[in-house]
Amino acid sequence: MAQLNIEETKTNLKAKKFLMWLFLVSSFIYFAGLTSGFIVYTAGSANRGIKTILPEEFMYSTAAIILSSLTMHLAVRAGKGLRFGSQQLFLALTFVLGIVFFVIQWKAWNVLASRGIMFSFNKNASQSFVYVFVWSHLAHILAGLGLIVGAMLGRVRNIAQIRNVFRLEITSIFWHFIDILWIYLYVFLLLNQ
Amino acid sequence: MSSTAKHTTLELHGHHDDHGHHKETFITKYIFSQDHKMIAKQFLVTGIVMAVIGMVLSILFRIQLGWPEKSFPILEAFLGKWAEGGRIKPEFYLALVTIHGTIMVFFVLTTGLSGTFSNLLIPLQLGARDMASPFLNMLSYWLFFISSLIMVGAFFVESGPASAGWTIYPPLSALPTAISGSGLGMTLWLISMVLFIASSLIGSLNYISTVLNMRTKGMDMWKMPLTIWAFFLTAVLGVLSFPVLVAGVVLLIFDRSFGTSFYLSDIVLQGQVLPNEGGSPILFQHLFWFLGHPEVYIIIMPALGITSEVIATNSRKPIFGYHAMVYSLIGIAILSFIVWGHHMFVTGMNPFLGGVFMITTLIIAVPSAVKTFNYLATLWRGNLRFTPAMLFGIGLVSFFISGGLTGVFLGNAALDIPLHDTYFVVAHFHLVMGSAAIFGMLCGVYHWFPKMFGRMMDDKLGYLHFWVTFIGAYLVFFPMHFMGLDGVPRRYYAFTEFAFMKEWLTVNKFISWAAIIAALGQVAFLYNFFHSMFFGKKAVQNPWGSNTMEWTTPVEHLHGNWPGEIPTVYRWPYDYSKPGHHEDFIPQTVPFSETMSSNLPHDFEGNVEAERIQQEWVKTHQAEKV
């Protein structure tokens with residue numbers, strides 16, 4: 001009976017994990033929609049386009065998020081190996097790096113704004129698009145931070161290992177996705193600057 | 001922690017889960033239910049309420065179109081300043097058209113249809129205890145409920161609901177001061193739609209994950225009923241297209257409230273030049289129709305799936321061309337993403353691009369025709385049982401043909417120049433996706449009512465409902481073709497100002513009468529539905545003699561669907577009237593070993609051992625006969 005329950009929990013967790021993958025697909029489609037919108041819009045006239053060099057802060061933030069993917073990976077490894085102390089440590093590190101990413105991006109907007117590239121009342125909406133990309137991505141970072149907190153709390157409340165690993169996996173799938181998503185957006189912007 | 005310890009925690013946890021479901025209060029059972037069957041009923045009832053609202057709105061604007069110069073004091077009593085002097089105001093007319101479209105397309109035929117039947121049938125027909133995530137399923141319903149409240153609530157704000165048409169094209173929708181409906185009403189529309197999309201996406205994710213991960217033993221993809229294939233592909237379309245609408249709507253919100261110019265350029269509003277420059281309103285149309293076109297298949301595909309199931313069951317024949325049906329659904333799903341340009345032929349699109357979109361559009365006729373012919377071939381020489389569900393299913397086929405034919409005209413980039421934005425378009429989509437999809441939904445309601453409520457609906461009222469609705473829908477929409485061919489534009493408030501349109505006034509009056517009678521016919525359904533829920537004849541376990549798994553569950557609903565182990569599936573769902581079997585149906589859960597007299601060589605899918613056993617049985621059986 002107990003064995004059966006474990007089997008059912010497992011298939012169900014598998015189905016739930018699959019939900020996360022599907023969500024990533026829909027999220028990616030959202031960004032694909034935005035970037036195609038950018039391409040269609042920018043191609044419409046020679047006056048459009050980003051028309052500036054991206055602030056180097058974006059590069060630093062990229063480094064921060066790549067590093068956070070690494071710590072995320074280590075957290076999952078630790079969690080699966082029952083080393084819960086390091087699991088929590090690496091999760092915390094990932095969280096901090098997420099915040100660092102956020103702050104550096106904030107600085108990048110300030111640099112853009114100081115060059116007169118504003119979100120509102122900009123006749124060249126290609127530049128407004130940059131903000132939409134970045135903000136939409138940051139919304140995902142916030143969600144990712146929420147997941148990290150959830151994973152850490154689960155461990156604190158001493159939930160079953162099968163669920164702890166589940167939370168870790170969900171969090172890491174999502175976190176790696178927003179990492180890759182940022183790289184996609186960054187490269188996209190670099191190619192269009 | 002050692003592995004033994006790990007095991008213990010797990011066991012404890014499993015145990016805890018086991019007992020979690022026993023305590024059910026009124027709130028967990030009927031309101032915040034996580035049971036897919038209850039959620040399906042919630043979706044259905046909300047969908048029916050929204051459908052009635054959408055229908056009443058249409059009757060209101062039909063009154064205006066039929067009797068443009070007459071005053072109806074009763075309207076003022078109900079609508080106040082929106083119908084001063086008993087005549088509907090032009091602003092309100094536009095709001096009625098907009099909200100009618102939005103409610104019918106999204107709230108009734110997207111969520112009312114998919115939400116009800118995907119939730120009910122995916123776990124039941126696949127042999128799962130519930131959805132992948134029952135919690136998200138509940139969340140999906142409540143987001144839908146809140147978004148419905150906001151959409152209808154827009155009628156109670158000072159400036160009225162959104163009025164830019166259900167497609168909410170900017171700049172009209174992007175400038176709050178452009179018309180009264182672009183103010184708070186438009187903001188509420190956007191909020192409501194954001195919640196709606198979230199609900200719809202969560203639902204779709206759940207459906208896909210359940211279909212792919214939680215099928216019972218033996219239920220491979222090619223043994224799934226066509227309903228499940230249709231719901232699955234519909235959910236895939238939703239996941240791939242709704243996020244693009246989100247992107248379009250997010251940019252629209254920025255344009256409305258944050259001063260950006262994604263869609264706005266060169267606008268003079270009430271004598272004032274607006275600062276917004278450089279935007280492109282066509283960009284919105286691209287983003288909108290990239291969703292919008294798959295959306296019409298999101299509407300029709302579940303209806304097609306439901307009809308396949310009901311027609312096969314009530315013809316007592318295997319569905320004709322099961323694989324062809326699946327492949328044509330897949331074909332429609334893929335093609336739906338590369339045809340959106342046919343909504344934009346007259347936006348100054350490059351004629352070459354228009355040609356490409358025209359070809360992809362016309363290709364959709366192929367899988368659609370495959371489906372139609374397969375329905376007809378299934379009906380052909382069937383042992384037809386004309387239950388109300390069956391009639392509605394056949395009604396869908398009829399509308400799908402008559403509405404689909406005009407799609408060939410509209411999909412043509414050259415013919416679209418005179419036909420676009422006329423009543424020809426209105427006639428086309430109301431038949432092919434409006435009437436057809438609502439008939440599919442009603443077909444499903446009549447067929448699965450016993451499964452949902454454990455009681456039967458009244459047949460006689462069902463027949464009355466069918467004939468009034470079927471004839472009514474044709475009388476309403478068929479004349480519109482001719483109006484459209486004559487150039488009568490859609491969305492106009494009245495046709496009294498142009499000499500050439502005046503002759504259509506009598507036709508409009510005729511259409512309005514037909515609409516009113518058809519609407520009254522729905523009372524038969526509403527009474528039947530709600531009355532039978534409590535006082536209908538008690539249903540037996542498998543009232544239609546159907547093969548699919550939902551009819552193997554007990555009539556009384558259980559959390560977890562099957563009391564013991566979930567049954568295993570051995571065969572496809574369409575073994576109706578199989579020669580050699582004593583009954584005219586063999587449920588999917590009956591193994592071949594119990595139906596030796598009717599097994600055919602291809603049933604064993606190349607399993608040599610099974611074929612040998614079967615041959616041996618046939619030999620001994622023949623020997624016994626001799």
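**Notes on the A/B model: cavity, interface, chain A**

1. Start with the largest cavity: 18 residues line it, and Thr110(B), Ser114(B), Ser200(B), Ser204(B) and Tyr207(B) are the ones nearest its centre. Helices H5 (90–126), H7 (184–213) and H8 (226–257) of chain B are the elements that each give two or more residues to this lining. For the terms: on a 1 Å grid over the protein atoms alone, a cavity is a set of points where a 1.4 Å probe fits but cannot get out, and lining residues have an atom within 4 Å of a point. Helices here are DSSP runs of H or I with at least four residues, strands are E runs of at least two, and both are numbered from the N terminus.

2. Before going on, note that this is a predicted model, with local features needing pLDDT of at least 70 and side-chain atom pairs pLDDT 80 or more, while totals for chains, interfaces and linings use all residues. Residues are numbered from 1 along each chain as its sequence is written, chains are lettered from A and ligands numbered from 1 in the order written, and side-chain values use heavy atoms, leaving out hydrogens and water.

3. Back to that cavity: it holds about 140 Å³ of space, and the whole structure has eight cavities of 30 Å³ or more. Volume means the space filled by probe spheres set on the grid points, which are joined across faces, edges and corners. The lining splits into twelve polar residues, six nonpolar and no charged. In this scheme Ala, Val, Leu, Ile, Met, Phe, Trp, Tyr, Cys and Pro are nonpolar, Asp, Glu, Lys and Arg are charged, and the others, Gly among them, are polar.

4. Now the interface. Chain A puts 39 residues in contact (heavy atoms within 4.5 Å) with 45 of chain B. About 3,500 Å² is buried between the two chains, 73% of it from carbon and sulfur atoms; buried area is the accessible area (1.4 Å probe) lost on putting two parts together, summed over both. Leu19(A), Tyr30(A) and Lys123(A) supply 14% of what chain A buries against chain B, more than any other three residues.

5. Lys123(A) also makes a salt bridge to Glu277(B), with the closest N and O atoms 3.8 Å apart. The count between the chains is one such bridge, defined as a Lys or Arg side-chain nitrogen within 4 Å of an Asp or Glu carboxyl oxygen.

6. Chain A itself has five helices and zero strands. Its C-alpha atoms fill a box of roughly 70 × 30 × 25 Å along the principal axes.

Definitions and conventions:
1 Å grid on protein atoms, 1.4 Å probe; cavity = no way out; pocket = protein on both sides within 12 Å on 5 of 7 lines; lining within 4 Å.
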